Amino acid sequence: NSPSAFKELKALEKIGISSRIHSSKAFHAKGYIFRRPDRSVALFGSANLTESALVANLAWHIKVSGSPESNLSRQLDE
């Protein structure tokens with residue numbers, strides 16, 4: 001929710017990733033972080049982690065992963 005985070009998201013447009021501010025009252029984003037010895041994986045989106053939510057429902061998701069020593073993993077710890 002910080003201005004610098006939104007600035008980083010906006011910069012991703014250079015590589016074809018768009019970001020939008022959603023104004024619907026029914027929108028409820030979630031984030032899940034999974035840690036493994038060899039990597040950290042984060043899944044952010046609007047669905048719950050159920051089969052129907054991930055397979056059948058209309059929702060958005062982004063999955064990112066990085067090694068435990070990566071900048072991404074450090075940011076997920078913050």
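**Figure 1. Contacts between residues that lie apart in the sequence of this predicted model.** Of the contacts (heavy atoms within 4.5 Å) in the chain that join residues at least 6 apart in sequence, 28% link residues at least 24 apart. The model is predicted, and local features need pLDDT of at least 70 while side-chain atom pairs count only at pLDDT 80 or more, although totals for chains, interfaces and linings use all residues. Residues are numbered from 1 along each chain as its sequence is written, and side-chain values use heavy atoms, with hydrogens and water left out.

Figure 2. The chain has three helices and three strands, taken as DSSP runs numbered from the N terminus (helices: H or I, at least four residues; strands: E, at least two).

**Figure 3. The salt bridge between Lys-10 and Glu-13.** The structure holds two salt bridges, each defined as a side-chain nitrogen of Lys or Arg within 4 Å of a carboxyl oxygen of Asp or Glu. In the pair formed by Lys-10 and Glu-13, the closest N and O atoms are 3.1 Å apart. Glu-13 has a relative accessible area of 37% and is partly exposed, a class that falls between buried (under 20%) and exposed (over 50%), with a 1.4 Å probe and protein chains only.

**Figure 4. The salt bridge between Arg-39 and Asp-38.** Here the closest N and O atoms of Arg-39 and Asp-38 are 3.4 Å apart. Arg-39 is partly exposed at 31% relative accessibility, and Asp-38 is likewise partly exposed, its relative accessible area being 48%.
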